[in-house]
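Visitor: I'd like to go through this model slowly with you. Could you put it up first?
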Amino acid sequence: MKKEKNKVGRWRSAIGNRFAIFCQLLIALCQLSFSSSAQDIRVSANIDSNAIRIGEQTQIHLSVQYRGDKGNLKIQWPTLKDTIVGKVEIVNASKIDTTIPDKNEPLLFVQNQHVTITSFDSGFYALPPFKFVINGDTAHPYETEAMLLQVNNVPIDTTQAIKDIKPPLYEPFSWRELIPYAYWVFGTILAILAIVYIVKRLSKVKPKTIVEPKSKIPPHILALQELEKLKQEKLWQEGKVKQYHSRLTDILRLYIEARFKIPALEQTSDEIMSNFRSVLIDEESKKKIKQIFLVADLVKFAKEQPLPTENELSLANAFDFVNGTSRENDGSTGSPSKVAETGNKQEEIKSSVGQLSDKSNNIITNEDPKSSPPERI
């Protein structure tokens, strides 16, 4: 039993020793890695002159050297304020630039910054080390060496008399100094003139007025519309027979003038019928227009009082004449219902027209009705 306990104790002791050795090796490796990394990073601070006169300036050159193959380093530079220490003031600090000092070692980088300092009080000043923090390790910052700065007074020659402060130096006027401003002045004037010119041009431009083309109504449509109006006015029913037939013939004359290019408004009924000899229209339409003019001439010049059926027949013939002579491409040829209505009435009174035509043939001569009215029967 004792032998087994001794054996277990030796076994535990061996494991503890090995674990202790492993921990020591791990710590040694970490220290070795830190030491290697520390050897690859170098910080430095150099001053151009350790002795200056009051108000004189000198520069401190800060630099960090490191290798780029050690991973991404986060270098925190020392924070520079208005002064470094005491009465040593910072005049300005340059931007941090990165360079490769040796072309044979492209992975070796150096960052530099130049700080200009001065002092207006004489004495000795100890400039503290500048601290660089690498990868946020504030417990182990990299520090430069401390430096000394001696600020000396300007030697005074007591043998010389005290002089006043010199006034500002006078600089003669030169027109060349105005050249940069002249460019701006001329540029501004040209821009203003251009804006004024554009505004005037735009104000003169009037919006284009779109003129809608007048729709051209075919002559037969106008004639049918006027005939329909005449029908609705019921002139002959109110005893205005002469006015009725004058309106009727005027409507037809306007239609003939527009449709056949015959100056019907300036011609007599016979002249109009004579012109129809050279116009290609059917005989039925010629008969109907002749009947209309014949009755109208009898009413206007012979004071004839036609029968109601004759008045209606003239209007029906007028509708038929317009519909029968309208061009096919002029669109509508009138209202079919109206044409049918007037056509039925035409058949009813056709017989009475024959009597009136016989009378008119006896009294209508070839003379102009305007100059000499036909003889009344």
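Visitor: Let me start with Lys131: buried, exposed or partly exposed?
Guide: Lys131 is partly exposed, because its relative accessible area is 47%, and the class lies between buried (under 20% relative accessible area) and exposed (over 50%), using a 1.4 Å probe and protein chains only. Please keep in mind that this is a predicted model, where local features need pLDDT of at least 70 and side-chain atom pairs count only at pLDDT 80 or more, while totals for chains, interfaces and linings use all residues. Residues are numbered from 1 along each chain as its sequence is written, and side-chain values use heavy atoms, with hydrogens and water left out.

Visitor: OK, and which residue does Lys131 form a salt bridge with?
Guide: Its partner is Glu143, and the closest N and O atoms of the two are 3.9 Å apart, where a salt bridge is a side-chain nitrogen of Lys or Arg within 4 Å of a carboxyl oxygen of Asp or Glu. This pair links distant parts of the chain, since Lys131 belongs to strand β10 (residues 131–134) and Glu143 to strand β11 (residues 142–143), 12 residues apart. Helices (H or I, at least four residues) and strands (E, at least two) are DSSP runs, numbered from the N terminus. Glu143 counts as partly exposed, because its relative accessibility is 42%.

Visitor: Why can side chains pair like that?
Guide: Side chains of opposite charge can pair when their charged atoms come close.

Visitor: How many salt bridges are there in the whole structure?
Guide: Searching the whole structure gives nine. Another of them joins the side chains of Glu226 and Lys229, at 3.8 Å from N to O.

Visitor: And how far apart are Glu226 and Lys229 in their helix?
Guide: They are three residues apart in helix α3 (residues 219–233), so about one helical turn separates them. Glu226 is partly exposed because its relative accessibility is 30%, and Lys229 is also partly exposed, at 48%.

Visitor: Which residue does Glu233 bridge to?
Guide: Glu233 forms a salt bridge with Arg247, with the closest N and O atoms 2.9 Å apart. Here too the pair links distant parts of the chain, from Glu233 in helix α3 to Arg247 in helix α4, 14 residues apart. Glu233 is partly exposed with a relative accessible area of 34%, and Arg247 is partly exposed with 24%. Elsewhere, salt bridges that share partners join Arg67, Asp69 and Glu105 into one network.

Visitor: Back to α3 and α4, how do their axes cross?
Guide: The two axes come within 9 Å and cross at roughly 175°, taking axes as lines fitted to C-alpha atoms, for helices over the stretch in contact, with angles from 0 to 180 degrees between N-to-C directions. The helices are therefore roughly antiparallel to each other, a label used for angles over 145 degrees, while under 35 counts as roughly parallel, 65 to 115 as roughly perpendicular and the rest as oblique.

Visitor: Which residues meet there?
Guide: On the α3 side they include Ala223, Leu227 and Leu230, and on the α4 side they include Leu248, Ile251 and Tyr255, with contact meaning heavy atoms within 4.5 Å. The residues of this contact divide into nine nonpolar, one polar and four charged, where Ala, Val, Leu, Ile, Met, Phe, Trp, Tyr, Cys and Pro count as nonpolar, Asp, Glu, Lys and Arg as charged, and the others, Gly among them, as polar.

Visitor: New topic: how many aromatic pairs are there?
Guide: The count comes to seven, where rings of Phe, Tyr and Trp (its six-membered ring) pair if their centres lie within 6.5 Å, and planes under 30 degrees apart count as stacked, over 60 as edge-to-face and the rest as tilted. Tyr255 and Phe321 form an edge-to-face pair, 6.1 Å centre to centre with 85° between the planes. Tyr255 sits in helix α4 and Phe321 in helix α7 (residues 308–325), 66 residues apart, and both are buried.

Visitor: What does Phe276 do with Phe321?
Guide: These two rings also form an edge-to-face pair, 6.0 Å centre to centre with 70° between the planes. Phe276 lies in the loop between α5 (269–275) and α6 (283–302), 45 residues from Phe321, and Phe276 is buried, as is Phe321. Ring pairs link Tyr255, Phe260, Phe276 and Phe321 into a cluster.

Visitor: Last one: where is His245?
Guide: His245 is in helix α4 (residues 241–260), and it is buried because its relative accessible area is 0%. Leaving aside neighbours within four places in sequence, the residues in contact with His245 include Val295, Val299 and Ser314.
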